[in-house]
Amino acid sequence: MQVLQNNMKYFSTSNNASKVDFKEATVNGQAPDKGLYFPEYIPQLPKEIIDNIDQYSNEDIALEVIRPYVGDTIPEEVLKKIVSETINFSIPLVAVTENISSLELYHGPTLAFKDIGARFMSRCLSYFVREENKKVTVLVATSGDTGGAVANGFYDVPNVDVIILYPSGKVSSVQEKQLTTLGKNIHALEIKGTFDDCQQMVKEAFMDDELTGKIFLTSANSINVARWLPQQFYYFFAYRQWADKKNPPVISVPSGNFGNICAGILAHASGLPVKHFIAACNANDVVPEFLRSNNYIPKKAVATISNAMDVGNPSNFVRIMEIFSGKTDELKNNLSGATVSDEETKTTIKMVFEEEGYLLDPHGAVGYFALNEYLRNHPNEKGLVVETAHPVKFYDVVEPVIGTKVSIPEIVEVQLKLRKKSVLMESDYESLKAFLLGR
Ligand SMILES: *Cc1c(COP(=O)(O)O)cnc(C)c1O
């Protein structure tokens, strides 16, 4: 029997805020000192479970993983329900070649891995606000995938209003439909600017005391612990499906804000067998550059064909440093970086499609390229790439590369026919503020 020592507390990585429990960390999003919340200790999964993982269901595993982080802030029965609703779609590990498998995280409602974190977070937040009977406004900027996942996760949730800012003309057609067609408590603001402009407007709203005195605002981006922590689940599910348990996988993760890979590394620190991690980046390669030179230099993001990873200063990297207690040597033993160009990404999509009959999306292709290179230098190992989105989400990139149409799943077919509803807005904070106060 597992005895909970007490309620898990979270400290701020900036070390200037008081410790909070899971509920407060979820409701606050970011710590008041602008740091990220991090668990006081890393719970260990019982060895018995790891050694006999095929005998456990995904739900059992997920519950076991998340329970110590939640503590008694959510009753067991409610948590069980939240977990089972979070993962109620398939998460298969598919063999692509003899040495490379693909962990398909895109079978959820918005066809990207962000569904898992967003579904878990929205249900936790909904539980916490229902308890208190207050109304919260979730304010979030998206470069594409976050918006859809958050919109879907929070759709029709009582006491929660969702406002999504997205850059006009800079998200794919599928992405735009996913965030503008739901209605009800989901509102889309189409900003005449870039993703960085959207992000800036959101940041200003959180810093505006006049506004936050009138509206209870929270964020739904990947720094929220309730979005970050459940991403550990599928690393365990992958291992459950991994044939050669004596030779654990090298795991390549297409990375932007580094929340996903950081969850994988946390799972490993909790006892999950993993040979090595690869942070696969596009031209926005601050972390790979740090691993090469020991210099961490944030850059302005540049646009690539794997646009969900166009991040110039990844928020979650501080959490990775925290897991390794700041020891760079230990970090480098566990994590390699790779920089993959748009050309290499396209060549990979084409090659894997033609030679293996498997279609990658641009993000998965970045991960695949990096893994393939790594395995070339480590011939005794095998690996998996975390395939973060369905290729159809990026058909505008994929179709010209492979020269054929991508078949559209029915769920997307329906979305594409719905009418877009959005409010077009200049990229200045005063417009946003007026909108929020005038509702
Ligand atoms: C968000 C996203 C990523 C990057 O994930 P991080 O957790 O921010 O590193 C990669 N691929 C896709 C398709 C995404 O939507």
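User: Where does Gly29 sit in this protein?

Analyst: Gly29 is in the loop between helix 1 (22-28) and strand 2 (37-39). Keep in mind that we're looking at a predicted model.

User: Why does Gly29 count as buried?

Analyst: Buried means under 20% relative accessible area. Gly29 comes in at 3%, so it counts as buried.

User: What does Gly29 touch, leaving out residues up to four places away in sequence?

Analyst: Contact here means heavy atoms within 4.5 Å. By that test, and leaving out those sequence neighbours, Gly29 touches Tyr37, Thr218, Ile223 and Asn224. As for Gln232, it is 203 residues from Gly29 in sequence and 18 Å from it in space, C-alpha to C-alpha.

User: What about Ile349: where is it placed, and what makes it buried?

Analyst: Ile349 belongs to helix 16 (residues 342-356). Its relative accessible area is 0%, and the cut-off for buried is under 20%, so Ile349 is buried.

User: Which residues does Ile349 touch, not counting those up to four places away in sequence?

Analyst: With those left out, Ile349 touches Leu359, Leu360, Asp361, Pro362 and Ala365, plus Val398, Val401 and Ile402. Ile163 is another story: Ile349 and Ile163 are 35 Å apart in space, C-alpha to C-alpha, and 186 residues apart in sequence.

User: Now an opposite case. Why is Lys184 called exposed?

Analyst: Exposed means over 50% relative accessible area. Lys184 has 54%, so it is exposed. You'll find Lys184 in the loop between helix 7 (173-180) and strand 7 (186-192).

User: What is the phi of Lys184?

Analyst: Phi is positive there, about 50°, although Lys184 is not a glycine.

User: On to strands. What makes strand 4 largely enclosed by the rest of the structure?

Analyst: Count its residues: 5 of the 5 in strand 4 (residues 100-104) are buried, so the strand is largely enclosed by the rest of the structure. Ile100, Ser102 and Glu104 point one way, Ser101 and Leu103 point the other way, and all are buried. Side chains in a regular strand alternate between the two faces of the sheet.

User: How do you know that strand 3 and strand 4 are paired?

Analyst: Pairing needs at least two bridges. Strand 3 (residues 93-95) and strand 4 have 3 bridges, so they pair, and they run antiparallel. Leu93 stands opposite Leu103 in strand 4. The two strands form a hairpin with 4 residues between them.

User: In which sense does strand 4 pair with strand 12?

Analyst: Strand 4 and strand 12 (residues 383-387) pair in the parallel sense, over 5 bridges. Here Leu103 stands opposite Val386 in strand 12.

User: Why is strand 9 called largely enclosed?

Analyst: Strand 9 (residues 250-254) has 5 of its 5 residues buried, so it is largely enclosed by the rest of the structure. Val250, Ser252 and Pro254 point one way, Ile251 and Val253 the other, and all are buried. Strand 9 pairs with strand 10 (residues 276-281) in the parallel sense over 5 bridges. Pro254 stands opposite Ala280 in strand 10.

User: Zooming out, how does the radius of gyration of the protein fit that of a compact globule?

Analyst: For 439 residues, a compact globule would have a radius of gyration near 22 Å; the protein has 21 Å, which agrees. The C-alpha atoms fill a box of roughly 60 × 55 × 45 Å along the principal axes.

User: How many helices and strands are there, and what share of the residues is buried?

Analyst: There are 20 helices and 13 strands. Buried residues make up 57% of the 439. Of the contacts with a separation of 6 or more, 75% are between residues 24 or more positions apart.

User: What about the surface and the charges?

Analyst: The accessible surface is about 17800 Å², and 49% of it belongs to carbon and sulfur atoms. The protein has 43 positive and 54 negative charges, and their mean positions are 3 Å apart.

How values were computed. Residues are numbered from 1 along each chain as its sequence is written. This is a predicted model: local features need pLDDT of at least 70, side-chain atom pairs count only at pLDDT 80 or more; totals for chains, interfaces and linings use all residues. Side-chain values use heavy atoms; hydrogens and water are left out. The radius of gyration is taken over C-alpha atoms; the globule rule is 2.2 Å times the number of residues to the power 0.38. Buried means under 20% relative accessible area, exposed over 50%, partly exposed in between (1.4 Å probe, protein chains only). Accessible areas come from the Shrake-Rupley method with a 1.4 Å probe; for residues, only the protein chains shown count as cover. Lys and Arg count as positive and Asp and Glu as negative; His and the chain ends are not counted. The place of a charge is taken as NZ of Lys, CZ of Arg, CG of Asp or CD of Glu.
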